[in-house]
Amino acid sequence: MRRVALPALVVFAVLLPFGLSAAQLTTATFVVIAAIGATGLNVLTGYAGQISLGHAAFVGVGAYTGAVLGSDHGLSAFVWIPAAGVAAALLGALLGPIALRLRGLYLAIVTLGLVFIAQHVFFNAGGLTGGPQGRAFPAVQLGAFDFSPGKVLELGAVTIDSSGLYYFLALILFAAATAFTWNLRRSRAGRAMVALREREAAAAVMGVDVGRVKVTAFVVSSFLAGISGALYGSYLSFAQPDQWSLLMSIQFIAAVIVGGLGTTAGPLLGCAVVFALPSLLKDLPFLPAEGSGGLSAGDLTSITYGLLIVAFLTLEPRGLVGIADRVRRSRGNDTPSKTPKLTVTTPKEAHP
Amino acid sequence: MRRSPSIATPLAVIGASLVIAACGTGDSNSGDDGSSGGTSAGTVKGGPGVDVAAKTIRIGDINALTGPASALGKPVAAGHRAFFKALNASGGIDGWKVRLTIKDSGYQPQQHVQIYNAIRNKVALLDSFGSPPTKAIQALLDRDKLVTTPASFDSIWGADPVIAPVGTPYSYDIANALDYYTKQGKDKPKIGIVYQNDEYGQDGLRGYKAAKDKLGFADGGRQTFKAGDTEFTAQIQKLKTAGAKAVVVVALPSSTGPIVGTAAALGFKPQWILQGPAFLEQLITKDGSLNAKPTPVAAALKGALVTSFSAPWGDPGAPGMKELVAAHDKYEPGQPPSIYFALAYASSKVQAAILRKAIGDGDLSREGILKAKQNLGEVDLGGVSPSVTYTPDGGPPSTKSLITRIDPSVDGFLKPVEESYGSDVADGLGTGG
Amino acid sequence: MLEVRDLTLRFGAITAFEDVSFDVARGELLAVIGPNGAGKSSLFNVLSRVYEPQSGSVRLGGQDMLARHRSELAACGVARSFQNLGLVGELTALENVLIGRDHLMRCGALRGGLGLARTEERAHRDAARRALATVGAQDLAQRVVQTLPYGDRKRVELARCVAMEPQLMLLDEPVAGMSAAERGDMTELVRRLHRDQGLTLLLVEHDMGMVMRVADRVLVLDFGRPIAIGTPAEVQQDERVIRAYLGEELAVGA
Amino acid sequence: MTEFLQLLFQGVSLGATYALVALGFVVVYRASGVINFAQGAMLLAGAYTISWLATDIGVAFVPAVLASVALLALAGAGFQAGVLRRVAGEPTFVLVMITIGAGIAVTALIEALFGADQRLLGDPWGSSSFHAAGVTITWVKLWGIVVTVAALAAYFAFDRYTRWGLAMQATAEDEEATLSLGVPVARVHLITWALAGSLATLGGLFLAGFPSSPQPTLGDAALRAFPAIVLGGLRSPTGAVVGGLLIGVTEVMTSGYAPSSLGDNFYAVAPYIAMILILLVRPYGLFGRAPAERL
């Protein structure tokens with residue numbers, strides 16, 4: 001079953017752009033770019049159980065690193081894309097020690113603060129970020145490949161435009177990220193993360209260096225966030241500091257939860273729902289045309305979007321992967337996949 | 001026994017895919033895909049968004065009907081609709097009808113890009129709401145040579161040939177207003193500024209700084225805030241302590257109210273100078289209409305100077321206003337009178353002028369429309385907004401400001417004091433950036 | 001090998017135990033018994049550095065254990081099991097045992113993620129399988145732990161302790177909640193580890209039958225104070241021990 | 001000095017509003033371990049309901065406020081019973097995510113129903129004020145402080161002297177044990193959510209009062225109350241109040257006195273920085289204690 005599924009998925013992903021309209025391809029590209037970042041967050045939250053609402057800050061750091069190195073210093077995308085990951089990872093490494101002291105939702109709120117602090121820095125570091133006015137981001141140039149709008153790649157009869165190029169680049173990086181985390185999960189560090197998520201104190205007694213594992217999870221997570229940010233900024237071509245907002249963090253965490261925490265397919269599925277759904281909903285035929293008075297399609301989209309999250313998680317708290325499991329089980333084969341439940345240890349405090 | 005766990009090494013995945021690097025990218029022969037009836041018929045050459053056989057032209061409007069700017073986006077969309085409905089009803093442009101496609105990006109750059117890619121080959125002209133979203137698609141607009149009218153007055157637009165802003169840049173408005181204000185009195189008063197910490201605020205600040213240097217008034221303090229703040233006491237207190245006689249407000253209406261209200265409560269009553277977007281009719285009364293219940297800040301706003309986008313509603317001094325009000329009453333009666341409606345109406349008028357010239361030239365291709373825009377010359381907006389001029393040299397379409405004073409006793413609450421005010425300060429500003 | 005001196009632990013006003021001192025010689029199996037609330041588990045939690053004692057010292061092979069962080073204990077040669085199981089339910093038995101070998105592995109996340117840690121991984125998987133075989137659980141390797149019966153989980157946990165290759169093993173109630181047959185198996189297993197492999201063991205247990213069968217010496221705690229230490233036979237005769245257990249069943253024999 | 005006093009008053013009045021919002025968070029968190037991200041939307045809904053009743057329907061102001069408090073209490077309880085109860089026992093973050101989804105939906109619904117324009121609140125105070133020791137005191141701010149104090153006193157009395165308060169405390173300590181004692185835990189959860197709705201409404205009322213007005217961005221203020229609850233300790237009602245005041249004063253004071261080298265609008269992040277610094281020293285907030293570690 002699995003042996004057929006993976007190649008089929010790859011073929012599907014590769015052929016997808018040729019069956020989509022320009023707008024749908026744009027959406028798909030954003031989804032795959034986001035999925036790289038979500039794959040990172042899945043390591044931190046899904047594997048290691050650390051809830052972060054600060055993902056947007058790392059995405060932003062990656063985007064600006066890419067812009068400064070790629071645009072201002074004219075370096076190759078071979079340099080600035082990885083460098084974006086490294087810069088974000090460094091920030092992650094700095095934050096790890098703070099995370100060591102905090103548990104559960106305390107960490108969530110502190111990382112929420114990180115988003116606001118990062119935005120403050122972005123707003124005031126005008127030399128790097130353009131300040132409030134925002135700045136342009138470089139188009140990817142990989143050797144002979146130019147990803148700027150207006151450039152096309154012709155492979156025989158097939159023409160791939162700028163959006164398509166970004167799509168494939170993002171797809172390759174996403175595949176690499178997924179392979180990395182898949183391996184990770186089945187190696188020493190990944191197991192240690194899961195142990196940490198389930199029983200932090202017990203894991204430590206078993207010899208797991210809890211501090212190092214947490215920092216590692218933060219580093220991997222923010223590295224992928226940085227890569228995602230570099231591509232996002234580049235594909236979007238322009239952004240202001242308020243782009244890297246709490247809303248973006250919430251979308252990321254929603255994506256990994258809706259997709260199914262700690263699962264391999266979760267980040268991509270979740271991103272497809274969270275990042276593509278609003279634009280898909282808007283095109284529903286029964287919605288009123290924009291500006292035709294009454295409820296606007298935009299408002300209806302947001303309402304539907306919020307309600308879908310509520311309804312979905314109420315009915316299937318394990319996410320999309322949980323639904324896939326149900327379908328499979330109802331067909332009577334296969335054991336349930338190992339979808340972990342994220343148990344936040346709610347600290348019981350004594351208070352006076 | 002299970003095989004040891006691994007799928008292809010991530011490095012291998014990247015490596016393999018880079019093998020294709022033998023080929024490379026080239027330029028696309030852009031623009032001519034996806035248009036319906038793109039071939040020339042009769043004497044007019046078609047292009048994307050142009051149906052030569054049916055004689056229709058489609059204009060896209062990526063607006064902000066939801067999200068933080070929706071209070072402004074909705075009247076803008078209504079203004080566009082009303083203008084083109086009226087235009088089509090009166091026979092269109094030499095028999096050509098204009099169709100409008102309105103989309104909502106919620107003021108989000110990412111959504112804006114997605115929608116742009118969806119409609120770019122289906123439209124001949126574009127309206128794009130807001131600076132950040134428009135900047136996100138600017139590179140794409142340049143590539144597609146799609147003439148675009150932004151609902152945004154950033155100075156920087158003047159530098160891009162495909163962008164056709166309809167109005168005076170923010171910085172010019174501030175410079176003109178300060179020039180006007182300082183020339184009313186004999187001595188040089190202290191003037192402060194409160195501005196929103198974003199690019200809109202920054203452009204206003206640019207005008208303020210230029211005016212301060214040129215006009216030589218004293219700095220009464222520069223205070224910033226974040227959109228959405230409700231607490232302004234500290235900022236106001238500092239302006240008050242500095243002794244500012246006049247204060248420029250570069251804000252959105254949701255902040256203008258608290259700023260002016262806080263000042264009033266603290267007994268600080270400077271001459272307010274509001275940048276155009278800082279004003280909204282609902283700042284004065286409950287629903288923005290003349291006889292509705294006044295707001296708590298209405299009294300404090302009385303007498304404030306506003307660099308308005310457009311003449312007051314129904315202004316008899318503006319010949320174009322009659323036609324505008326008629327179109328409003330007939331096609332968009334549900335939309336309360338708004339300067340944003342008038343602004344959008346005027347910008348649609350410019351779009352119609354561009355199309356008229358392109359049709360006259362017999363070329364509705366992207367290149368033809370761009371050429372028409374660059375060579376359009378002056379467009380008289382009937383006093384609704386100061387007239388605009390487009391030339392191949394670029395630069396701001398207008399450097400003149402419509403300066404008004406808030407008067408809660410008139411419809412629309414704005415009374416013009418200068419219909420088309422220009423100044424040396426403004427003229428020296430350039431496009432910045 | 002293990003020297004505990006004057007160890008005291010308090011939670012606010014409540015004293016968990018006070019002035020506990022004892023030694024465990026290399027290759028010895030010392031059992032700690034006592035009525036509920038005597039402080040046995042708290043003692044374990046201090047030894048595994050979960051609780052911070054107010055005073056006293058713990059030395060292992062001459063090293064000061066209280067200066068170490070709890071995650072360093074494994075590398076110092078201390079392994080422990082947990083009363084309520086320290087297993088990760090969603091992982092397989094093999095993966096759980098592998099967690100116990102974390103301190104013996106060297107490859108970090110980067111090599112692991114890039115798939116460059118496979119040689120090491122394979123070696124440790126083999127070791128983990130051997131540990132599972134030691135406790136007779138080799139067939140459970142690929143089973144997800146939360147689907148296993150309780151007795152099997154206990155064995156997997158013991159396998160993890162074995163896989164940690166410790167000098168000193170702390171077992172917290174290894175037969176609690178087991179059926180009689182399972183108890184017998186587990187007792188035998190512990191005895192084998194002790195006798196055949198020469199492991200040093202410290203055992204907290206309620207099941208006197210097991211204690212009497214496997215322990216070299218027994219330490220009795222009551223209300224946080226050591227009241228007796230000696231061979232099983234000596235302790236059984238001790239008057240204070242009998243008094244402490246008054247009203248509680250002192251299950252001797254099986 | 002006058003300036004300092006003026007800012008202090010503004011800080012305290014802002015802090016009082018944060019305290020109301022923070023208490024709403026803490027009440028829910030104590031009983032269920034969930035941080036209610038829909039608190040901002042509830043606050044917004046409360047402010048708009050008051051505005052709608054008082055200006056569109058024409059209900060007198062005080063009854064409008066009371067009715068809104070009751071309506072939002074019902075809505076809170078309804079959300080708990082209709083949605084959250086179904087997912088009881090699921091991982092905390094699933095519940096938190098559900099509150100985020102609900103928040104998005106409610107905020108969009110309000111915008112769809114009322115439009116994005118600003119509205120009048122319909123309060124009797126408007127911009128009226130008086131002066132004391134050179135400090136301008138607007139009536140709406142003063143009433144904000146008075147109502148906050150009254151609400152807090154009522155809450156603490158409820159918490160301390162009624163059996164529901166005791167039940168809430170017990171549920172917070174150990175839900176299973178409480179259930180086994182025969183305390184109707186389900187009803188306790190209903191009550192906490194009803195309380196959260198009421199407190200949010202009062203918070204919304206004073207955030208939307210002069211010089212502000214009901215507008216869709218008001219809900220963001222709930223985000224500023226986060227530092228308050230973390231500062232105080234997520235489970236401590238006293239902490240929420242102290243944290244709220246601290247954050248309000250910090251915000252206004254840094255707005256007034258922070259050097260420009262800290263960047264524009266430093267005041268907006270000062271609460272978060274204060275929060276992180278305090279958490280580094282006290283990881284469970286000023287009033288929280290580290291939990292006994294469980295293995």
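**Sheet, helix and interface**

Author: In chain C, six strands make up an open sheet with mixed pairing, in the order β6-β7-β8-β3-β9-β10. Its edge strands, β6 (78-80) and β10 (225-230) of chain C, each pair on one side only. Direction ignored, neighbouring strands of this sheet are turned by 15 degrees against each other on average. The model is predicted: local features need pLDDT of at least 70 and side-chain atom pairs count only at pLDDT 80 or more, while totals for chains, interfaces and linings use all residues. Residues are numbered from 1 along each chain as its sequence is written, and chains are lettered from A and ligands numbered from 1 in the order in which they are written.

Reader: How are helices, strands, pairing and turning defined here?

Author: Helices (H or I, at least four residues) and strands (E, at least two) are DSSP runs, numbered from the N terminus. Two strands pair if DSSP finds at least two bridges between them. For the turning, axes are lines fitted to C-alpha atoms, for helices over the stretch in contact, and angles run from 0 to 180 degrees between N-to-C directions.

Reader: In which sense do β3(C) and β8(C) run, and in which sense do β1 and β2 of chain C pair?

Author: Strands of a sheet pair through backbone hydrogen bonds, in either a parallel or an antiparallel sense. Here β3(C) and β8(C) run parallel and are joined by four bridges; L29(C) stands opposite L201(C) of β8(C). By contrast, β1 (residues 2-11) and β2 (residues 14-24) of chain C pair in the antiparallel sense, over seven bridges. R10(C) has T15(C) in β2(C) as its bridge partner. The hairpin of these two strands has two residues between them, and G12(C) takes a positive phi near 60 degrees.

Reader: Which residues of α7(C) are buried, and why do they line one face of the helix?

Author: A residue is buried if 20 or more other C-beta atoms lie within 10 Å of its own, exposed if 12 or fewer, and partly exposed in between, with C-beta atoms placed from the backbone. In α7(C), M186(C), T187(C), L189(C), V190(C), L193(C) and H194(C) are buried. Seen down the axis of α7(C), these buried residues fall within an arc of 160 degrees, so they line one face; the arc is that of the directions from the helix axis to the C-beta atoms. On the other side of α7(C), A180(C), A181(C), R195(C) and D196(C) are exposed. The cover over the buried residues includes β3 (29-33), α6 (150-163), β7 (168-172), β8 (200-204) and α8 (208-214) of chain C.

Reader: How many residues of chain D are in contact with chain A?

Author: Two residues are in contact if their C-beta atoms, placed from the backbone, lie within 7 Å. Chain D has 48 residues in contact with 44 residues of chain A. On the chain D side, α4 (92-114), α9 (221-232) and α11 (266-281) each supply at least two residues, and α4(D) provides the largest share, 14 residues.
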